[in-house]
Amino acid sequence: MLPALRLPLLAAVLALPPAARAAGDKVGPEACKACHPSAYERWRVSPHARALEVLPAERREDPRCLSCHAPDREDGLAGVSCETCHGPGRAYAADYVMRDRELARAVGLVDPGPKTCLACHTDSTPSLLRFDPKRKLPLIDHWTPHWTPAPGDAAVPAGPRAPARPAPAPARRPGGR
């Protein structure tokens, strides 16, 4: 981005109070899909995308459940969307902003980590197993470069695809043959 435009844009966005930057600033997963189709597809088949659907009908209006299962519902987004973890995208979704890593983060793009997950995945969360970020983060991996869904991924999301390994070299016999 041109330095002459970068500073005024950054100053304008940072001048807004945090609440003003967040209110109504969500663009929705479809906007993310335009530039991040692989990440979108990974999210679309994930439990996060279906988080509201998995709640029993009687819990779908319970604010205690909705705070994690549909935190962006007031913005018309069901489930846990991209912006639930990465922050409202209106200020950083533009192509020229996303190409400038520093600017995108300065105007609101969040790089979530385990603490982000632990806001919802707590010890009091109904679950059979305690939430372990090291074990669970690979299940939602959409940041590994060049990840592409393989046949069957749409039905059962799995961890990131390992790069293809070359075939092992044939074993050599003693004596060099």
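Lys26, Asp72 and Asp75 are joined in a network of salt bridges. The model is predicted, and it holds 9 salt bridges. Three of these pairs are described below, with the accessibility of each partner.

**Asp75 and Lys26**
- Asp75 pairs with Lys26 in a salt bridge whose closest N and O atoms are 3.2 Å apart.
- The two residues come from distant parts of the chain, 49 residues apart: Asp75 sits in the loop between helix H5 (63–69) and helix H6 (82–86), and Lys26 in the loop between helix H2 (18–22) and helix H3 (29–33).
- Lys26 counts as buried because its relative accessibility, 19%, is under 20%.
- Asp75 has a relative accessibility of 37% and counts as partly exposed.

**Arg73 and Glu61**
- A salt bridge connects the side chains of Arg73 and Glu61, at 3.0 Å from N to O.
- Arg73 is partly exposed, at 34% relative accessibility.
- Glu61 is exposed, its relative accessible area being 57%.

**Arg99 and Asp95**
- Between Arg99 and Asp95 there is a salt bridge with its closest N and O atoms 2.8 Å apart.
- Arg99 counts as exposed because its relative accessible area of 64% is over 50%.
- Asp95, at 40% relative accessibility, counts as partly exposed.

Terms used:
Residues are numbered from 1 along each chain as its sequence is written. This is a predicted model: local features need pLDDT of at least 70, side-chain atom pairs count only at pLDDT 80 or more; totals for chains, interfaces and linings use all residues. Side-chain values use heavy atoms; hydrogens and water are left out. A salt bridge is a side-chain nitrogen of Lys or Arg within 4 Å of a carboxyl oxygen of Asp or Glu. Helices (H or I, at least four residues) and strands (E, at least two) are DSSP runs, numbered from the N terminus. Buried means under 20% relative accessible area, exposed over 50%, partly exposed in between (1.4 Å probe, protein chains only).
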